[in-house]
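Subject: Structure handover

Hello,

Here is the structure I promised to pass on. Please open it and keep it beside this email as you read.

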Amino acid sequence: MTKRVLITPEAMEVVDQLTDRYGPLMFHQSGGCCDGSQPMCFQEGDFKVGSSDVLLGEIYGCDFYMSADQFEYWQYSQLTIDVTEGRGASFSLEIPLGVRFVTRSRMFSDEELRTLEPVVRCETR
């Protein structure tokens with residue numbers, strides 16, 4: 001199965017730091033504009049997902065969600081969660097570390113589209 005979302009080793013290191021401090025984590029790809037369009041990291045359960053969200057998969061032990069409306073635009077892209085220096089304007093847990101998570105994307109190949117992991121609509125979970 002082709003994964004819809006991946007994570008870089010550098011981002012894994014930040015997740016390790018955050019997990020040590022906060023425990024289990026989750027991600028939600030924000031659909032805001034400007035700095036608001038970034039993957040947000042929360043303690044598991046601190047961000048309430050609902051029927052307007054989908055679960056894209058798991059990265060490094062963390063569930064990764066996105067709004068269903070935004071997924072309509074990103075459904076043909078593989079997302080890779082990375083980290084970069086600089087503070088973002090968000091409530092994401094990594095911000096005090098002086099870094100922020102970013103999403104990089106690329107289009108799936110025709111073969112990958114045939115073998116994609118299914119998304120889970122949160123109302124059916």
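A residue counts as buried when its relative accessible area is under 20%. Keep that cut-off in mind. Proline 39 has a relative accessibility of 0%, so proline 39 is buried. One caution before going on: this is a predicted model.

**The whole chain**

The protein chain contains 3 helices and 8 strands. In sequence order they run β-α-β-β-β-β-α-β-β-α-β. The radius of gyration is 14 Å, and the globule rule also gives 14 Å for 125 residues, so the chain is as compact as a globular protein of that length. The C-alpha trace spans about 40 × 30 × 30 Å along its principal axes.

Of the 125 residues, 42% are buried. Residues 24 or more positions apart account for 61% of them. The accessible surface is about 6900 Å². Carbon and sulfur atoms hold 50% of that surface.

Charges come next. There are 11 positive and 20 negative side chains. The centres of these two sets lie 2 Å apart.

**The aromatic pairs**

Two values describe a pair of aromatic rings: the distance of the centres and the angle of the planes. How many aromatic pairs does the structure hold? It holds 3. Start with phenylalanine 27 and phenylalanine 64, which are stacked. Their centres are 6.0 Å apart, with 25° between the planes. This pair links distant parts of the chain. Phenylalanine 27 is in strand β2 (residues 25-29), while phenylalanine 64 is in strand β5 (residues 62-67). They are 37 residues apart. Both phenylalanine 27 and phenylalanine 64 are buried.

Phenylalanine 27 also pairs with phenylalanine 101. Why is that pair edge-to-face? The centres are 5.1 Å apart and the planes stand at 75°, and planes over 60 degrees apart count as edge-to-face. This pair, too, links distant parts of the chain. Phenylalanine 101 is in strand β7 (residues 99-107), 74 residues from phenylalanine 27. Both of these residues are buried.

Proline 39 lies in strand β3. Leaving out residues up to four places away in sequence, proline 39 touches Phe27, Phe64 and Phe101, among others. Its other contacts include His28, Gln29, Ile81, Ser92, Val102 and Thr103. Glutamine 75 is 36 residues from proline 39 along the chain. Their C-alpha atoms are separated by 16 Å.

**Phenylalanine 42**

Phenylalanine 42 is found in strand β3 (residues 39-43). Is this residue buried or exposed? Its relative accessible area is 12%, so phenylalanine 42 is buried. Not counting residues up to four places away in sequence, phenylalanine 42 touches Pro24, Leu25, Met26, His28, Phe47, Phe91 and Leu93. Phenylalanine 42 and glycine 23 are 19 residues apart in sequence. In space they are 10.0 Å apart, C-alpha to C-alpha.

**Glutamine 70**

Glutamine 70 sits in helix α2 (residues 68-74). Its relative accessibility is 12%, so glutamine 70 counts as buried. Which residues is glutamine 70 in contact with, leaving aside its neighbours within four places in sequence? They are Gln29, Ser30 and Gly31.

**Two loop residues**

Tyrosine 60 is in the loop between β4 (53-59) and β5. Most residues other than glycine have a negative phi. Tyrosine 60 has a positive phi, near 50°. Its relative accessible area is 39%, so tyrosine 60 is partly exposed.

Valine 119 lies in the loop between α3 (110-114) and β8 (120-121). At 24% relative accessibility, valine 119 counts as partly exposed. Not counting residues up to four places away in sequence, valine 119 touches Arg4, Val54, Leu55, Leu56 and Phe71. Valine 119 and alanine 68 are 51 residues apart in sequence. Their C-alpha atoms are 9.9 Å apart in space.

Best wishes

Methods
Residues numbered from 1 in each chain as written. Predicted model: local features only at pLDDT ≥ 70, side-chain atom pairs only at ≥ 80, totals over all residues. Heavy atoms only, no water. Phe/Tyr/Trp six-rings, centres within 6.5 Å; stacked < 30°, edge-to-face > 60°. Helix = DSSP H or I, 4+ residues; strand = E, 2+ residues; numbered from the N terminus. Buried < 20%, exposed > 50% of the residue type's maximum accessible area, 1.4 Å probe, protein only. Contact = heavy atoms within 4.5 Å. Rg over C-alpha atoms; globule rule 2.2 N^0.38 Å. Areas by Shrake-Rupley, 256 points an atom, 1.4 Å probe, with all protein chains shown as cover. Lys, Arg positive; Asp, Glu negative; His and termini not counted. Charge placed at Lys NZ, Arg CZ, Asp CG, Glu CD.
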